[in-house]
Amino acid sequence: MSLCAEGYFLSVQYTVSIVDAAAHLVDVLMQVSDPHPDGQILRLPNWIPGSYMIRDFSRNIVSISASCQGAEVALEKVDKSTWRAASCKGELQLSYRVYAWDLSVRAAHVDQTHAFVNGTSVFLSAEGFADEKHDVVLHRPQHDVNNLFRVSTTLTAGTVDSAGYGVYSAENYDELIDHPIEQGNFKQLKFDACGVPHEVVLTGACHFDEDRLIQDLKTICEYEIRFFGEPAPVDRYVFMVMVVDAGYGGLEHRASTALMITRENLPVIGQSEVSDKYLDFLGLCSHEYFHTWNVKRIKPAAFVPLNLAAESYTELLWFFEGMTSYYDDLVLVRTGLMDEKRYLGVLSKTLTRIQRGSGRLTQTVTDSSFDAWNKFYKQDENAPNAIVSYYAKGALIALCMDAELRSRSDSDVTLDDLMRAMWENWQATQAGLEEQEPQRIASQLVKADLTEFFDPVLYSTDELPVNDALKQFGIDLQWSPRLSSSDMGGTRADDHGEAKALPAAPWLGATIVDASGGVKVMQVMRGGPAEQAGLSAGDLVVAINRLSVSKADVDHHLARYATCTELPVHYFRLGQLFESQLPLLPAPADTAVLSVAQSEKLQTWLTDSARVGSNEGVSGTPAIIS
Ligand code: ZN
């Protein structure tokens, strides 16, 4: 906080009112204590940290006005998200109305049942006040006549009532926008992890095994806290969950995460078997919680200070999303929440996903990170051919790094040690990570130059050395043709534990969906049969070999004519009928089939948690100071 010339503290206060929930409108009264004498600049972020796309949240400000001591103050629009209030003496008041109807974890969603807001959607920043205290006053919505609503947020509570309505504060603007706020008649579950109070706040109708969820989340949180070392970097944490009929995603924050899941993702009461969808949800929680250390605190230097007006370019998303994606499921195995077979299934999916897209041969993982703003976050029909995911490839790089560090150090150094070294560095310096720092720290840990390992995996489109890495962990990887268009690989073990070898059936080389009269082409794979037949995204295929088609029977259809060299295909493009020949080509061997070759090695890798929670291991990590 700073003192202004007159001797009182500079501050910004926002009063947030849900004025018309049915119309999804939020009114904000913003009070700026001591506006700039030459006129006050006010700006709404164009993006939200953790989601690397320009979203122009200001487009949802439907009206705005300014006043000072009861007199109107002129507001000049400087650009799409910036205003300048004319010079005035005394407290500047901004009144603006925000339209909030974005069903996602990235913006704001308000109706009669609840109000979820991210600060980036509703809190204008006042230039020159970034490091000052920001207060938020929350009023109970008028339509909540039965007083059912409560507030959940990790903003610091000041004077609030038993439902949480009242005053909250943040030490600066960056903190203000990093604590989403939920209001509603939500379900609130509480648990403790390593002495830190945790909550799960669920909005939306849901009926599930609550004890199981909090027990499993406690297991995950305690593991991750001990992984990096106690004490936890938060004194309170909230999993803020919107439960919907369709939708999925999560966004990390410094002391909370906003999640969107379906009811199917929650554990069923009385069902002891763990469903894949519940494991997906636990993996999502594990992922976002890991970000509490890896990206919310350890972060790219390019994000320090945060510039929310424009794109912030970094090649490091392969590290922040890749490491986090590697550990999200690994933590589930290490804590016994996922068994070995299922883990190999998840791993084979990641391998298959990367292998299927020729984008891996077009874009490097560091380019994918740098261009996240206009490529990864703006994927179109050509994405599989042009883009490689820094999440999936990053996770496979993490796997290869883990193997490389172990083989270079006689298993003395693992990827766990790298993450802990990063954390120790951050605690010592709080500095952002320079673009090539992961390689530098990894090299220091094993006292070897790892350029030959890192250069091809990060800066080229060469295939990753996953085969060797998996072999080191006791796993055999074979590439097989897909059994069907929905086959993403797995263990495919027979009764004797050996992976089945299967013959290749013809494939279409395109993703399709059912449509009226046939199937609609969504994506065409580079060099595949569909591309050779001249098919494009958007085409409506009405017949193959003069027979009608649906998504469910295309595979069978092609398999039945496997001995032919080509089949006539009829399709509509822009309403015009075309005919061409679809070559019948065997599906490529792009499906990962994993089998356990050396069980002991696999166990060592999957249960490598001996040093977690023991001071010996953590203090034994070589100290790296940036
Ligand atoms: Zn993430």
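Val62 is found in strand β4, which covers residues 61-68; strands here are DSSP runs of E with at least two residues, helices are runs of H or I with at least four, and both are numbered from the N terminus. Together with Tyr99 and Trp101, Val62 makes a nonpolar surface patch of about 290 Å². You are looking at a predicted model, where local features need pLDDT of at least 70, side-chain atom pairs count only at pLDDT 80 or more, and totals for chains, interfaces and linings use all residues. Residues are numbered from 1 along each chain as its sequence is written, and side-chain values use heavy atoms, with hydrogens and water left out.

**The surface patch**

- Patches are made of residues with over 30% relative accessible area and no salt bridge, where nonpolar side chains (Val, Leu, Ile, Met, Phe, Trp, Tyr) are joined within 5 Å and like charges within 9 Å.
- The accessible areas come from the Shrake-Rupley method with a 1.4 Å probe, and for residues only the protein chains shown count as cover.

**The zinc site**

- Which residues coordinate the zinc ion? They are His287 and His291, each through NE2, and Glu321 through OE, at 2.0 to 2.1 Å.
- Donors are N, O and S atoms within 2.8 Å of the metal (3.2 Å for Na, K and Ca), and water is not among the atoms, so sites may look incomplete.
- Along the chain, the donors of the zinc ion follow the spacing H-x3-H-x29-E.
- Both His287 and His291 are buried, where buried means under 20% relative accessible area, exposed means over 50%, and partly exposed lies in between (1.4 Å probe, protein chains only).

**A sheet of 4 strands**

- Follow the order β6-β7-β3-β11 and you trace an open sheet of 4 strands with antiparallel pairing.
- Strands β6 (75-79) and β11 (125-126) stand at the edges with a single partner strand each, so one side of each has no neighbour in the sheet.
- Two strands count as paired if DSSP finds at least two bridges between them.
- Strand β3 (residues 40-43) pairs with strand β7 (residues 82-85) in the antiparallel sense over 4 bridges.
- Which residue of β7 is the bridge partner of Leu42? The partner is Trp83.
- β6 and β7 are also an antiparallel pair, with 4 bridges, and Lys77 stands opposite Trp83 in β7.
- A hairpin joins β6 to β7 through 2 residues.
- As background, strands of a sheet pair through backbone hydrogen bonds, either parallel or antiparallel.

**Salt bridges**

- How many salt bridges are there? The count comes to 27, where a salt bridge is a side-chain nitrogen of Lys or Arg within 4 Å of a carboxyl oxygen of Asp or Glu.
- One of them joins Lys80 to Asp56, with the closest N and O atoms 2.9 Å apart.
- Since Lys80 lies in the loop between β6 and β7 and Asp56 in the loop between β3 and β4, this pair ties together parts that are 24 residues apart in sequence.
- Lys80 counts as partly exposed because its relative accessibility is 46%, and Asp56 counts as partly exposed at 23%.
- Arg254 forms a salt bridge with Asp178, where the closest N and O atoms are 2.8 Å apart.
- That pair links distant parts of the chain, 76 residues apart: Arg254 is in the loop between β20 (249-252) and β21 (256-262), and Asp178 is in the loop between α2 (173-176) and β16 (181-184).
- Is Asp178 buried or exposed? Asp178 counts as buried, at 7% relative accessibility, whereas Arg254 counts as partly exposed, at 24%.

**Helix α3 and its charges**

- Arg212 and Asp216 meet through their side chains in a salt bridge (3.9 Å, N to O).
- These two residues are separated by about one helical turn because they are 4 residues apart in helix α3.
- Arg212 counts as buried at 19% relative accessibility, and Asp216 counts as buried at 11%.
- Gln215 has its place in helix α3 (residues 210-228) and counts as partly exposed, at 44% relative accessibility.

**A loop histidine**

- Where is His24 placed? His24 sits in the loop between β1 (11-20) and β2 (25-32).
- His24 counts as buried because its relative accessibility is 12%.
- The side chain of His24 reaches the backbone oxygen of Ala22 at 3.4 Å.

How values were computed: A polar contact is a pair of N or O atoms within 3.5 Å; within protein, one must be able to donate a hydrogen and the other to accept it, and residues adjacent in sequence count only if both atoms are side-chain atoms.
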